[in-house]
Amino acid sequence: MFPHSSAGDSVGEQTAQNDIRWIRFRTGQNKMSYLVNYDEQKNSVGLLDFISGSLAGAQYIGISGIGVYSTPIGKLYQESDIALSSSCFLPEQRITEYKATDHAAALSKLVLKIELAIKGYKRDLIEQGLDELSEECVALRMPIDQISTVYNQIVLFVYKYYGNNDLVHGIEYLTYSQIVRTCESVQQLFERIRVIFEQQPDEELLISKETVKKIIQYIDSSYTEDISLSMLSRQFNISLGYLSALIKKETGTNYSDYVVTKRLNLAKELLSDISLSIQEIVERVGYKDYFHFNKLFKKHFGITPSKHRKV
């Protein structure tokens, strides 16, 4: 068993007292670890006596599960480190004993609620869900490694639905040790996610990758029709300015040039079909004025449609 504490001086000290043997060694700047050997059946209060005596000055204590001789020491050390980190992170919890209980199932509905709120960019529900999640983590006295798992799951949702937006690049996955070093509370941890949505202007909605894909697919299937950018803005409920910037970011060009290029490339293909007149092709690709089409075609390909057909 590893009692893991945040106080101590000696390194490598071996001691025996009241049928308990232990070895103490430093594992961090302000961290000491004790490998304790005793018979719990014969001396059920031995560990409590050891903690109250030898670890009385420790600020926080984390205790691993009970191991047998075949139990890897690394496993016990990991458990004690998680328990100690949990003591440091959760309020009013000086001593924590490691337990393998999984609280994820108890939070599954709440996590799903947050995912749906993030997917729909519903700020109030996102904020409410994160507050509830913070409260539940504290109420359940969740171990820090499980808090880390839940946090990283929420981060995954953010990248899943808004990975195309530059504002999410500041958020990152965190290990439990990174959480303890950078955050003082569960609330502060989830505040990292909340701020992503608070700093985004109302008129510039975070658009999911799925929505961006639908917009481009719609343009690609309808570019021969008379569809303006303002019509798209109303259809997808996105401001005109943000939609324009979004299309340029996704395609590398503005909406008008993107549509013109698609139309002219289609016209070039159709010119190989001699059963179609040039006027028919003009109308089929979305233009009404032959002379306007002729001018655009020559500017784009360096040759008129009629000459291209003869080549």
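This is a predicted model: local features need pLDDT of at least 70, side-chain atom pairs count only at pLDDT 80 or more; totals for chains, interfaces and linings use all residues.
Biologist: Why is Arg-194 called buried?

Modeller: Buried means under 20% relative accessible area, exposed means over 50%, and partly exposed lies in between (1.4 Å probe, protein chains only). Arg-194 has a relative accessibility of 11% and therefore counts as buried. Arg-194 belongs to helix α7, residues 186-198, where a helix is a DSSP run of H or I with at least four residues, a strand is a run of E with at least two, and both are numbered from the N terminus.

Biologist: What makes the pair of Glu-127 and Arg-194 a salt bridge?

Modeller: A salt bridge needs a side-chain nitrogen of Lys or Arg within 4 Å of a carboxyl oxygen of Asp or Glu. For Glu-127 and Arg-194 the N to O distance is 3.4 Å, so the pair meets the rule. This pair links distant parts of the chain, with Glu-127 in helix α4 and Arg-194 in helix α7, 67 residues apart. Glu-127, at 36% relative accessibility, counts as partly exposed.

Biologist: How do you know that Arg-194 also forms a salt bridge with Glu-191?

Modeller: The closest N and O atoms of Arg-194 and Glu-191 are 2.8 Å apart, which is within the 4 Å limit, and the pair therefore counts as a salt bridge. Because Arg-194 and Glu-191 are three residues apart in helix α7, about one helical turn separates them. Glu-127, Asp-131, Glu-191 and Arg-194 are linked in a network of salt bridges.

Biologist: What makes Asp-220 and Lys-262 a salt bridge?

Modeller: Their closest N and O atoms lie 3.6 Å apart, again within 4 Å, so the pair qualifies. Asp-220 sits in helix α8 (residues 209-222) and Lys-262 in helix α11 (residues 255-270), 42 residues apart, and the pair thus links distant parts of the chain. With relative accessible areas of 29% for Asp-220 and 27% for Lys-262, both residues are partly exposed.

Biologist: How many salt bridges does this rule give?

Modeller: The count comes to eight.

Terms used: Residues are numbered from 1 along each chain as its sequence is written. Side-chain values use heavy atoms; hydrogens and water are left out.
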